[in-house]
Amino acid sequence: MDLSSFAGPFLPEILLLAGTLLIFLLDVLGIRRIEVTGAVAAGASALALLFVVADLGFAPLAFLANLSAGQVDVAIAPGATPLYAFTSLGLVFQGIFLTASFLVALASMSRPSNERGAPIFFGLLLLATLGMLLVTIASDLIFLLLSVEIVSISTYLLVAYTRKDVRSLEAAMKFYIIGALSTTLSFFGASLLYGAYGTTNLFAIRAVAGSVGYPVLVLLGYGFLIAGLAFKATLVPFHAWAVDVYDGAPTDVTAFLTGGSKKVGLFAIFLVFLGPVLFVAPGAGGSPFSGGTVNIGPVLQVTLAILAVLTMTVGNVLALLQKEMKRMLAYSSISQAGYMLIGIVIGTSPALTGATLQMFANVFMKTGVFLVVAGVTALGVGPLIDDWKGLGTRRPLLGVAFGLMLLSLAGVPLTLGFVSKFVLFSSAVEAQGYFVWLAVAGLLNSALSVFYYARVLKVMFFDRPEPDALPTGAVAGGSEPSLLAAGGLGYARATAIALIAVAVVAFGVYPQPVLGAISNAAQHFIHVGP
Amino acid sequence: MRRLEWGGWVSVAFSGAAMVVGVLIGVGEMVNPGTYTDVRYTWLHLAPAPGPFPNGFSLVVGTLVDPISALMLIVVTVVGFLVMLYSIGYMHQDRGLPRYYAELSLFLTAMSGLVLADNLLEFFVFWELVGVCSYFLIGFYYEKPSAASAAKEAFIVTRVGDIMFLLGIFLYFYNFALAGPAGSGGWAANGFLFVNGNQPYLLGHGLGGNSTLLTVAGIMILGGAAGKSAQFPLHVWLPDAMEGPTTVSALIHAATMVAAGVYLLAVASLFLGFTSTDQLAIVGIGGFTAFFAATMAVVHPDIKRVIAYSTISQLGYMVMAVGAGFAMVGLFHLFTHAFFKALLFLAAGSVIHAVGTQDLFKMGGLRKTMRLTAIAFAVGGLALAGIPPFAGFWSKDDILSAVYSQLGSHPAYWPFFLLAFAAVFLTAYYIFRAWFLAFSGDHPRDPSLGHAHEGPWTMQVPLVLLSALACGAGLLIFVPGFQSLLLSGAGATGIPPVYGTTDLLISAASVALGVSGIALAWVLWGNGRVYALPETSAAQPVRRLLLKRYYFKIGYDWIGAKGVYTIARAADFFDRFVIDGTVHGFERAFALVSNRLRRIQSGVVSDYAAYVVAGLIALFVILLIVAPYVVSRLGGG
């Protein structure tokens, strides 16, 4: 049976929807055990991921490909206004989002099996991921913003899924109110753009972007759109909600928020802004407001550049000051968004490659660290960084895995985080002009971030725990845990963490396949994409 | 066998296997150059983009076996295995044995990687790795304050060189990346500073680019080599590095790691090329160090430190040869020196193992109880003194002839040549002074050392094998293939050493100097004599100057204590008041915002609205005022 004729190009999306419905159906039938619903969610994500990887041209999985060559990276005929278009960069992002949902679903299966709300959690997880997949193929502003809304609404509910925990409810409420406001800003911006361009189609906007006659209207429109999407992407100065929400949400949800859904905002910024930014080559053009037409490219570029530098600096500085593990990681997550924004600002294909690679790296590192935090918190370790004293020696494997993720976040060579930062910053240097300063800012910030990551390593491996500070819940009969002890963490979570640690090193030692694929996708995206 | 020693035997087994493979590969390549092809693996490839690299840019990891790396590979694996075996007998404390063997094995790995690296960046990675292993092993007895501080000293002083080396790489890269090979339109995607014998990359394209930059780059490379090979003025760390176990001194601080600096210079001279200013600087540093270090060895009472100064001095010879354009001749001396210097250290280790002191003036008469060690030390000493037919004669003589052949065209080499020549006499004198003090006479001067005895077989076998190598390694020069290799190593700049009458004269003169050095040592110290310089002698200040190591260490300590500490204080002040001030400013500003946001229980939705509006205002200030201003300042685009 030919899969493409059966399900068409939307097979991954259909799979996720089917998974969601199955989980809710099982819920109605009274089957709520976390192992079952979790397995459905993880399975659906993994299967969809395989399809996406096959579509990206991974030869051994070619038989799974559901998109034919004529459906990806197709040049759009002038005048055509498609609602969606498949680009290989979009597929890369589908892979990133599915990886996040798979890892979170897998790790969450280790939560207490009688936990209330498991079907809601896993169902909403798949639903949010479905929204993310739709974002990656959008080529129309309305389609794009509606897909973002699917993600947003699902994640508001995800934060509150326990229904009992006051802190989570508080976080969800905050998340919801600010999210709703930001959505209105996005739509308002889109409506202004519609007024200026007469269309909401991204291809059509790209075709006329530099030569439209309502400069202030266009700038205001993009301004509101940036504001709305910047909330989703946690860019400074729209970031302050993020830390409270990341801190208050159940940690597995936080892992999904930082690893997955935050990147929706960034990818949406990719889609919306690469058009006009690319339209005017860096360094070209006259005064931004001359002659009735607006040379919006450079102005938007500089605006995003300022946001990028602000985001990484503020995120890093505040991360330095945190005493709680989760808040420190939340701020570091904000600063990571700044690095990724650099790639959008520069807009060349190497820069886009770097930014995408950075997000690819981030989905492992950030999801990974929060999954570890969730597991360790479940063992009874307190929220402070100092509560982690001696963890590295008591649970060596966990300590090493967490350490690898932190080293990768800090950008130490032979980890994935180094490769992505190297590609990103070198693209900034290559692009020359003021972009070099973005690389300098990025490097200084990386150096700064090493400090707070190294501090965690020091606490974990070199500080002695105070007597009876470290709970021995995982340790049966008070003996030392064995090297392979998954007890306490749960085997599913331990597997997810191990997968992440291996990926962080494996892709760092041998980045070429991923780097090549993303580099290809980025080149196509710049020439074809909306 | 004690359980603690299992790790030792594992290391012996693996380094033995490495030696078999290393020797097979090395000999195969030297007999038949080009047997092994370069294996390369692209670690990171950046897609082509406008800018300095229109063909893209690759970071490459690869292994390369060419004749010079083959020579080094043999040295590293053979000496590595013998030292590992010797360690079984020598290292017998209970604590830290696994650490010792792990670090020594890591060192051997890194050193082999350095030798086999096929580009300068990879070279640098392994360069740093051997450096850190050296730090660990010098500080092996870290409970001893002197060992801990020696380790730090070695690390910091070589770090000065390492930074220079890195800057040198950057300068070469900058220079060639901007200039590019003529007519090529930029570098090929994989053209990053390869050191490939079959493809002298940069030389092949001519020394294009800015010659001042090239000269500076060459000086930087020299700085890196001087740090690692303990050349003047970065020589201070090596004598103190003797705080480590003697096995470590033999392997790392005599035979292999310290030779890495010479190897770097050789590689750079063969594949990057030096300007004539660089060459003069290298010859100058090398020739001066050869003499300078030898003078300090003359008075030292510590057996290991005498040999350490001798190492610095011999490395000076090698550096000088490379600088004069004879990279292979320098490497030949490196090759023979590795064996006889490792032999001297292991023999000294055998003595220290037996008598428990390093003070030459407490020893004496040890040849009676330690016959094998006495013979081994003598063989090493004769090789070092350059007495034919021992190994050192052939290579040191080659260096002197090679430099002599350049004197016609480079008169500025003259003083350094003479210094190096004079050092031959000092070398023979100080090493036999040590031998006579330790082994001749009737009995130890310190009576408590009477019960000395030879070590176990694991210590004796390496001594015997290294003695054989110290006798025979120089005969390599008679292998026809190797001779042509020596000549080809002369590269584009040199005239190959010709074995004519002039060279015979030089040989005769240097042997005469060596013999007279030994004779002087016998007169002053032979047969249990102890020569005491009269208190009123005019030479006393010189002796003090030498014992104080020309006050270099004190000077550096002063710079470290006063200069660096002042800078550190200033930096600390800056950190505390400027940086922390900024950070706390941030903290307060954001705490204000987030505190307002945190009042969720109040349910005051207008707070959120206010927050959103604040963000929006900030954004529009940037978008409508700041960004257009920046764009106009950027020159209209």
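Asn316(A) is buried, since 23 other C-beta atoms lie within 10 Å of its own, and the place of this residue is in helix H12 (residues 296–321) of chain A. The structure described here is a predicted model. Leaving aside neighbours within four places in sequence, Asn316(A) is in contact with Ser335(A), Asn445(A), Leu448(A) and Ser449(A). Ser191(A), by contrast, is 125 residues away from Asn316(A) along the chain, and the C-alpha atoms of the two are separated by 35 Å.

The secondary structure of chain A comes to 20 helices and zero strands. Of the 530 residues in this chain, 62% are buried, and among the contacts in chain A between residues at least 6 apart in sequence, 78% join residues at least 24 apart.

The largest nonpolar core has 211 residues, and those with the most contacts inside it are Leu125(A) and Met405(A). Helix H14 (residues 349–378) of chain A gives this core its largest share, which is 17 residues. Apart from this core lies another, of 192 residues, which includes Val75(B), Met91(B), Leu334(B) and Leu400(B). In soluble globular proteins, nonpolar side chains tend to be buried together.

Which residues does Leu125(A) meet, leaving aside its neighbours within four places in sequence? They are Ala41(A), Ser101(A), Val104(A), Ala105(A), Leu158(A) and Phe256(A).

**Two pairs of packed helices**

Two packed helices are described by the angle between their axes and the distance between the axes. The table gives these values for one pair in each chain.

| Helix pair | Angle between axes | Distance between axes |
|---|---|---|
| H4 (residues 88–108) and H5 (residues 118–137) of chain A | about 170° | 8 Å |
| H12 (residues 303–323) and H13 (residues 327–355) of chain B | roughly 175° | within 9 Å |

In chain A, helices H4 and H5 pack at an angle of about 170°, which makes H4(A) roughly antiparallel to H5(A), because angles over 145 degrees count as such. On the side of H4(A), the residues that take part include Phe93(A), Phe97(A), Leu98(A), Ser101(A), Val104(A) and Ala105(A), and among those they meet in H5(A) are Phe121(A), Phe122(A), Leu125(A), Leu126(A) and Met132(A). By class, this contact of H4(A) with H5(A) has 12 nonpolar, six polar and no charged residues.

In chain B, the axes of H12 and H13 cross at roughly 175°, and that makes H12(B) roughly antiparallel to H13(B). The contact involves residues of H12(B) such as Ile303(B), Lys304(B), Ile307(B), Tyr317(B) and Met318(B), and residues of H13(B) including His333(B), Leu334(B), His337(B), Lys341(B) and Phe345(B). Counted by class, the contact of H12(B) with H13(B) has 13 nonpolar, five polar and two charged residues.

**Further places in chain B**

Helix H16 (residues 391–406) of chain B has 16 residues, which at 1.5 Å a residue should span 22 Å, and its end C-alpha atoms are 24 Å apart, which agrees. This helix, H16(B), is mostly covered, with 15 of its 16 residues buried.

Ala150(B) is found in helix H5 (residues 145–179) of chain B. With 23 C-beta neighbours inside 10 Å, Ala150(B) counts as buried, because the cut-off is 20 or more. Not counting residues up to four places away in sequence, Ala150(B) touches Ile138(B), Asp240(B), Ala241(B) and Glu243(B). One of these, Ala241(B), is 91 residues from Ala150(B) in sequence, yet the two are 5.7 Å apart in space, C-alpha to C-alpha.

**Backbone features in the loops**

Most residues other than glycine have a negative phi, and most peptide bonds are trans. A cis peptide bond joins Val236(A) and Pro237(A), with omega about 10°, and Pro237(A) is found in the loop between helix H9 (215–233) and helix H10 (240–248) of chain A. In chain B, the peptide bond from Pro388(B) to Pro389(B) is cis, with omega near 5°, and Pro389(B) has its place in the loop between helix H15 (371–385) and H16 of chain B.

Arg163(A), which is not a glycine, has a positive phi near 65°, and the place of Arg163(A) is in the loop between helix H6 (141–159) and helix H7 (166–197) of chain A. Ala230(B) likewise has a positive phi, of about 55°, although it is not a glycine, and Ala230(B) is found in the loop between helix H7 (211–228) and helix H8 (237–240) of chain B. Is each of these residues buried or exposed? Arg163(A) counts as exposed, with 11 C-beta neighbours inside 10 Å, whereas Ala230(B) is buried, with 30 other C-beta atoms within 10 Å.

How values were computed: Residues are numbered from 1 along each chain as its sequence is written. Chains are lettered from A and ligands numbered from 1 in the order in which they are written. This is a predicted model: local features need pLDDT of at least 70, side-chain atom pairs count only at pLDDT 80 or more; totals for chains, interfaces and linings use all residues. Helices (H or I, at least four residues) and strands (E, at least two) are DSSP runs, numbered from the N terminus. A residue is buried if 20 or more other C-beta atoms lie within 10 Å of its own, exposed if 12 or fewer, and partly exposed in between; C-beta atoms are placed from the backbone. Two residues are in contact if their C-beta atoms, placed from the backbone, lie within 7 Å. A nonpolar core is a set of buried Ala, Val, Leu, Ile, Met, Phe, Trp, Tyr and Cys residues joined through C-beta atoms within 7 Å. Axes are lines fitted to C-alpha atoms, for helices over the stretch in contact, and angles run from 0 to 180 degrees between N-to-C directions. Angles under 35 degrees count as roughly parallel, over 145 as roughly antiparallel, 65 to 115 as roughly perpendicular and the rest as oblique. Ala, Val, Leu, Ile, Met, Phe, Trp, Tyr, Cys and Pro count as nonpolar, Asp, Glu, Lys and Arg as charged, and the others, Gly among them, as polar. The expected span of a helix is 1.5 Å times one less than its number of residues.
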